[in-house]
Amino acid sequence: MNVLIVGAGPTGLTAALELARRGVIPEIVDAKDAPSTLSRAVGILPKSIETLNRTGVGDKLAESGVQITRVDLYRDCKRLVDVDITNHTDPTDFITGLPQDKTETIMSETLASLGVDVQYGRQVVDVETKGTSATATFADGRTATYDWVIGADGVASTTRESLGIHYEGYELAETWSIADLELLPEDYDTHKINAWMLDGDCDQRDVLVMLPMGRGRVRLVSSTPNSVSALPLDLDIEAVRHTGNFRISVRHAESYVTGRVLLAGDAAHAHSPVGGRGMNLGIDDGQAAASAVIEEDTETYAQVRQAKASHVINGTERARKIILSNNPIVGAGLKLAGWLITNVTFFQRQFVENVTQL
Ligand SMILES: Cc1cc2nc3c(=O)[nH]c(=O)nc-3n(C[C@H](O)[C@H](O)[C@H](O)COP(=O)(O)OP(=O)(O)OC[C@H]3O[C@@H](n4cnc5c(N)ncnc54)[C@H](O)[C@@H]3O)c2cc1C
């Protein structure tokens, strides 16, 4: 069986690891000339660690990252929620904080040890499928035919566009930002996610999340254009390592399987970073796409993954709208929810499940 994976992000790398583990050596190509140094996702959920541990990658990620064990939520600088997320899960079920580029490096090193090297600088410009095969055309004009193609080429997927698959949805109005900061480790809790719902200056609020990425390193993500200036804490910032702005699309592909081509990860779905689900959903998709190809059961793949992504998109959109809402009734509801989560075991358990499970 010959399989092409388009895109060596977390989704494509997971698919390649799973195929290689099961004895199918795929070809994996990426348009970039070299591995990415951009770190978007930080939080790796326990389910992703478990999925990636089939090839030993999960433990390597957990050892390289920081264990995130607490979550604090604030509204207008008043603490609503303060929860130890390991209280209601297996003690090993912590979220791992690791920059996405490091995650991808560990995945591709393990992949290489299984005999698969990512081919960088190989952009796919077209994908077609007929009968029991699919043909890819590369930027240098060469074409090759495969039994299966997995399109894991991100939000602007050429695979999806070549096949004319509709990517239904919308773009959010606000410009979001990220920043990676170096802090003195003694100035903050290196095992805690802090999230603030801030009083915005328009008809909606803003959100800012601070995630630990390692000793002395944190990532800020905010719905404002400048996450450093939105930080409501007086911290001694040693250095600002990286900043960036991004827009958010909320979109879902109308079909996940066309002939011998499967879509996976951001190529199939996109949503806001609220809840930190995107990469984790992509890892889950990548594993499922590899299994679907090996077991030749793409119908189940399409049904299960589409339903899962709909669930995540609806959940993250609901959470985003609540967090950004200026409505005083929503505010009162959040205060009550915060009290229940902090003080009542049942609600705490539900909250922890929502934060740590995909
Ligand atoms: C600021 C920010 C913070 C985030 N934080 C989190 C978080 O904490 N947790 C989380 O789970 N998710 C998070 N996400 C989402 C996460 O980064 C994405 O969901 C994830 O990267 C998707 O992985 P992917 O492999 O599907 O796509 P990508 O990571 O986009 O990878 C696609 C790859 O395909 C390659 N490619 C594209 N076109 C072609 C082509 N034509 N030919 C060959 N190769 C091609 C690209 O070069 C790229 O390497 C965040 C996103 C942002 C923007």
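How many helices and strands does the protein chain have? There are ten helices and 22 strands, counted as DSSP runs from the N terminus (H or I of at least four residues for helices, E of at least two for strands). The model is a predicted one, with local features needing pLDDT of at least 70 and side-chain atom pairs pLDDT 80 or more, while totals for chains, interfaces and linings use all residues. Residue numbers run from 1 along each chain as its sequence is written, and side-chain values use heavy atoms, leaving out hydrogens and water.

On overall shape, a compact globule of 358 residues would come out near 21 Å in radius of gyration, and the protein chain agrees at 21 Å; the radius is taken over C-alpha atoms, and the globule rule is 2.2 Å times the number of residues to the power 0.38. Along the principal axes, the C-alpha atoms fill a box of roughly 60 × 40 × 40 Å. Some 52% of the 358 residues are buried, that is, under 20% relative accessible area with a 1.4 Å probe, protein chains only. As for contacts (heavy atoms within 4.5 Å), 73% of those between residues at least 6 apart in sequence join residues at least 24 apart.

Zooming in, T224 sits in the loop between β17 (217-222) and α6 (227-230). T224 counts as buried because its relative accessibility is 10%. Leaving aside residues up to four places away in sequence, T224 touches T175, W176, S177, D206 and A230. The side chains of T224 and S222 are joined by a polar contact of 2.7 Å, a term for N or O atoms within 3.5 Å, one able to donate a hydrogen and the other to accept it within protein, with sequence-adjacent residues counting only if both atoms are side-chain atoms.

Technical notes: Buried means under 20% relative accessible area, exposed over 50%, partly exposed in between (1.4 Å probe, protein chains only).
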